[in-house]
Amino acid sequence: MTFGTLGLYHYYWIYYNWQRLRGRESAPLSPVWRTLFAPFTIYRMFARAHESAREAQVRAPWNPIGLAAVYFVANIALLIGIPTWLVGPVLLLPVLPAQMTMAAVNAKVAPEAPRNDRITATNWAFLVLGLVTTAFLYAMSNIVDQLLKEWTP
């Protein structure tokens, strides 16, 4: 979903997980601010997921500090201008182990809870929209490149 939505789903995932943590822990935190400042706040989410796994006796063979460091460095790379197509997949690397652990914990402690394990019609709509937008932007960048090659000041 992250690739098909031009990276927007990634931030939705972060927001949604902060929202769930706030509800579960009755913590006074803002999912919006935690999502906007994700490079600085993601460690707490990873640490909480790791702690939940330990409490539920679910294997979590990853280090929250390591995952947060990779995520932080990838965000810095985006800020300094390294292309998104190169850095985007790196943003997902630390999220995947945390997501898989959270799913395993949820399956163990709340087996009756609904799962987000299917691609819905809304998901398909966003995927198609993202792919069409990507194709359009790619075509426009080629046109702009061609125009710039032909332009002489």
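1. **N17.** N17 sits in helix α1. This note concerns a predicted model. Is N17 buried or exposed? N17 is buried, because its relative accessible area is 11% and the cut-off for buried is under 20%. Setting aside neighbours within four places in sequence, N17 touches M45, Q99 and M102.

2. **Q19, also in α1.** Helix α1 also holds Q19. Q19 is partly exposed, with a relative accessible area of 30%. Q19 and S30 are 11 residues apart along the chain. Their C-alpha atoms are separated by 7.8 Å.

3. **α1 against α3.** How do α1 and α3 pack? Helix α1 covers residues 8-25, and the angle between α1 and α3 is about 55°. Their axes are 11 Å apart. That angle makes α1 oblique to α3. The crossing of α1 past α3 is left-handed. On the α1 side, the contact uses W13, I14, N17, W18, L21, R24 and E25. On the α3 side, A38, T41, I42, R44, M45, R48 and S52 take part. Sorted by class, the contact of α1 with α3 has seven nonpolar, three polar and four charged residues. N17, the buried residue of point 1, is one of the α1 residues in this contact.

4. **T35 in α2.** T35 lies in helix α2, residues 31-36. T35 is buried, at a relative accessible area of 11%. Which residues does T35 meet, leaving aside neighbours within four places in sequence? The contacts of T35 are Y11, I14, Y15 and W18. Among these, I14 and W18 also belong to the α1 side of the contact with α3.

5. **α3 against α4.** α3 and α4 pack at an angle of about 160°. Their axes are 9 Å apart. The two helices are therefore roughly antiparallel to each other, since angles over 145 degrees count as such. α3 passes α4 in a right-handed crossing. From α3, the residues in contact are A38, P39, F40, I42, Y43, F46, A47 and H50. From α4, they are P64, I65, L67, A68, Y71, F72 and N75. How does the contact of α3 with α4 divide into nonpolar, polar and charged residues? There are 13 nonpolar residues, two polar and no charged. For the contact of α1 with α3, by comparison, the count includes four charged residues.

6. **Q57, between α3 and α4.** Where is Q57 found? Q57 is in the loop between α3 (38-55) and α4 (64-79). Q57 is not a glycine, yet has a positive phi of about 60°. Most residues other than glycine have a negative phi. Q57 is exposed, with a relative accessible area of 68%. I would look at this residue when checking the backbone of the loop.

7. **G88 in α5.** G88 belongs to helix α5, residues 84-109. G88 counts as buried, at 17% relative accessibility. G88 and L78 are 10 residues apart in sequence. Their C-alpha to C-alpha separation in space is 8.4 Å.

8. **M100, also in α5.** M100 is another residue of helix α5. Is M100 buried or exposed? M100 is exposed, because its relative accessible area is 60% and the cut-off for exposed is over 50%. M100 and A60 are 40 residues apart in sequence. In space, C-alpha to C-alpha, M100 and A60 are 9.0 Å apart.

9. **Overall fold.** What secondary structure does the protein have? The protein comes to six helices and zero strands. From the N terminus on, its elements run α-α-α-α-α-α. The radius of gyration is 19 Å, well over the 15 Å that the globule rule gives for 153 residues, so the protein is more spread out than a compact globule. Taken along the principal axes, the C-alpha atoms fill a box of roughly 65 × 35 × 30 Å.

10. Of the 153 residues in the protein, 33% are buried. Among contacts with a separation of 6 or more, 62% come from residues 24 or more positions apart.

Definitions and conventions. Residues numbered from 1 in each chain as written. Predicted model: local features only at pLDDT ≥ 70, side-chain atom pairs only at ≥ 80, totals over all residues. Heavy atoms only, no water. Helix = DSSP H or I, 4+ residues; strand = E, 2+ residues; numbered from the N terminus. Buried < 20%, exposed > 50% of the residue type's maximum accessible area, 1.4 Å probe, protein only. Axes fitted to C-alpha atoms, helices over the stretch in contact; angles between N-to-C directions. Parallel < 35°, antiparallel > 145°, perpendicular 65-115°, else oblique. Left-handed = near helix turned anticlockwise from the far one by under 90°. Contact = heavy atoms within 4.5 Å. Nonpolar A, V, L, I, M, F, W, Y, C, P; charged D, E, K, R; others polar. Rg over C-alpha atoms; globule rule 2.2 N^0.38 Å.
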